[in-house]
Amino acid sequence: LAPPLARGGGGHAHAEGYPRTRRTNTFPTLARGSEAVLMLTLMLALSTRTATAYMSPMCCGDNFCCAVNTDATVSCVGGNSFTTVTASDSGVSDYDDLSSVKYVACGGKSLAAIGASDQILAVMGKTGYGADSFDSSYLGTVVTDVSVSFWGGALIDSSDGSISAWSQSSTYASSSSSQSWYPASDTSGSSCGCTTSTRDMSLTAPSSSSNFAKVACGGKRAGHFCCAVLSSSDSTGGDTTQCFGDDNGVYTPTRSELSSQGLLDYTPYSISAGCDFLCVLTDGGILGVYKHSSDQFDDYVSSLSLDDDTGLDTSGSLYVQAACGTFAAYGVDALGELTTHGRVFSSDVGPVDAGTDTGGEASSFTNYLQRDTDATFAIVAANSGFGHACGVSTSGGGECWGADYGDQATDGSALSGIDTSNIYPSLLNITAADDGAASGGDDDDDDAPSDMTLVWVVCGVGAVVLIGAGAYLTKSGGGAGGASKTGSEQTSAKGGLELA
């Protein structure tokens with residue numbers, strides 16, 4: 001594969017005076033040998049984004065979001081306060097000192113930065129919330145995946161698939177039933193008298209003999225957990241998905257719960273974690289949600305119907321990405337359109353009427369940014385914040401909504417030039433035609449959005465493959481690219497790329 005020759009910036013062809021309709025010129029039919037070479041090339045291109053979980057060009061924590069810029073630096077917005085920094089470069093004291101960054105992962109009040117070779121560059125966060133428990137010996141580790149929870153995090157070492165975890169230990173609250181737990185170092189903890197009850201937030205990773213491919217961490221102040229998915233090369237014979245959390249288990253999905261809801265019957269294609277539940281995508285593009293008994297999800301869901309035996313969405317919709325917010329589940333389809341379930345902040349995640357007061361219970365939670373329902377997405381942050389959510393639009397900029405008390409949603413939406421050359425988690429190859437057929441919609445792609453971020457351009461004898469943010473489009477005379485359309489024009493367009 002050659003490096004990217006062009007990266008789209010969100011311009012629509014028709015906005016520049018060009019017609020929306022495609023030209024009629026097509027590529028000639030491929031000979032069988034040439035088609036096989038092109039298919040192999042396409043498969044190799046798509047395999048550069050392996051089916052993994054959390055690292056991404058954009059991520060969100062409790063009240064902030066961060067993104068990787070096209071110059072491999074990092075921008076963060078909102079209430080981030082990274083007072084503890086562990087970095088391989090001694091010159092790094094905050095996020096804006098980072099360079100040569102490929103991915104980021106956020107959660108709680110912490111940020112992890114991953115370098116060009118998939119190595120851990122730095123972990124930083126607010127003191128007492130897990131970042132200061134990160135072991136500096138992990139710096140430089142080449143990872144398959146990294147996820148950050150409210151009180152710690154976990155990584156998968158690519159050399160053997162083993163998991164290492166780090167976490168805050170003692171936390172304090174005014175009573176054992178409190179939902180507001182603080183570290184001793186947090187002035188909010190001492191000022192509220194949170195010294196009468198303690199809770200150990202330590203994480204114990206699964207056996208090092210197991211080989212894992214994905215990890216996703218979730219939770220909130222009262223507890224946290226991580227869940228890991230076994231690699232296809234694992235030989236231990238353990239459960240396909242294994243969760244581990246703090247000893248109190250307030251939010252950790254149990255093996256019994258995962259089994260009864262159907263998750264242990266298959267291996268998820270991708271996984272992310274909310275407050276006390278998991279959002280997964282099957283390799284067929286179906287959204288699944290699996291929950292702990294505390295059930296912070298169902299009280300806010302009106303449109304998601306899950307099969308009692310499998311935990312899978314019964315609507316027939318197919319997605320290329322599934323992602324959790326703290327209290328929400330999101331699905332991004334092959335056209336970049338977002339389906340939402342649950343809540344952001346104290347509001348339903350669906351469109352909120354302009355001017356509606358969606359302030360939360362606390363008087364300071366008064367500002368709310370409406371979601372742009374016309375926006376299409378290249379990717380949604382795998383674990384969005386407590387009161388807000390963000391993603392990367394198909395034009396390469398930030399697209400955020402929800403609580404805006406720290407300007408996290410407004411400033412996140414103002415981010416531009418986000419590097420989408422490494423979309424991670426990988427987006428499943430579900431075509432727009434497949435998605436339309438599954439949901440009973442029209443599988444004609446003429447009304448697809450006309451812009452998309454290009455990542456690779458692959459040429460074969462008599463054909464070209466344009467590979468974008470988790471999708472591809474081919475022009476040929478045969479079946480190259482594996483899209484469901486036949487004849488001279490085939491499309492699998494996340495963002496609806498048109499070949500003019």
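1. A word on terms before the tour: helices (H or I, at least four residues) and strands (E, at least two) are DSSP runs, numbered from the N terminus. With that in hand, strand β13 (residues 212–220) gives three residues to the lining of the largest cavity, the largest share of that lining.

2. Please keep in mind that this is a predicted model, in which local features need pLDDT of at least 70 and side-chain atom pairs count only at pLDDT 80 or more, while totals for chains, interfaces and linings use all residues. Residues are numbered from 1 along each chain as its sequence is written, and side-chain values use heavy atoms, with hydrogens and water left out.

3. How many cavities of 30 Å³ or more does the structure hold? There are three. A cavity here is a set of points, on a 1 Å grid over the protein atoms alone, where a 1.4 Å probe fits but cannot get out; its lining residues have an atom within 4 Å of a point. Grid points are joined across faces, edges and corners, and a volume is the space filled by probe spheres set on the points.

4. The largest cavity contains about 110 Å³ of space. Its lining is made up of 17 residues, and those nearest the centre are Gly108, Phe150, Gly219, Thr326 and Asn383. By residue class, this lining has four nonpolar, 11 polar and two charged members. For these classes, Ala, Val, Leu, Ile, Met, Phe, Trp, Tyr, Cys and Pro count as nonpolar, Asp, Glu, Lys and Arg as charged, and the others, Gly among them, as polar.

5. The second largest cavity has about 40 Å³ of space. Around it you will find Tyr54, Met58, Cys59, Cys60, Val104, Ala105, Cys106, Ala381, Ala382 and Asn383. Two or more of these lining residues come from each of β1 (58–60) and β5 (101–107). Nine residues of this lining are nonpolar, one is polar and none is charged.

6. Now for the disulfides, each a pair of cysteine sulfur atoms within 2.5 Å. By that rule the count is seven. One of them joins Cys217 to Cys226, with an S to S distance of 2.1 Å. This link is right-handed, with 100° about the S-S bond. Are its ends buried or exposed? Cys217 is buried at 0% relative accessibility, and Cys226 is buried with a relative accessible area of 0% (buried means under 20% relative accessible area, exposed over 50%, partly exposed in between, with a 1.4 Å probe and protein chains only).

7. Another disulfide joins Cys227 to Cys243, S to S 2.0 Å. Its torsion of 105° about the S-S bond makes it right-handed. The pair links distant parts of the chain, 16 residues apart: Cys227 lies in strand β14 (residues 223–230) and Cys243 in strand β15 (residues 241–245). Cys227 is buried, at 0% relative accessibility, whereas Cys243 is partly exposed, at 22%.

8. A further disulfide is formed by Cys279 and Cys324, with sulfur atoms 2.2 Å apart. The torsion about the S-S bond of this pair is about 105°, so the disulfide is right-handed. Here too distant parts of the chain are linked, 45 residues apart, with Cys279 in strand β17 (residues 277–281) and Cys324 in strand β19 (residues 321–324). Cys279 is buried, with a relative accessible area of 0%, and Cys324 is buried at 0% as well.

Definitions and conventions
1 Å grid on protein atoms, 1.4 Å probe; cavity = no way out; pocket = protein on both sides within 12 Å on 5 of 7 lines; lining within 4 Å.
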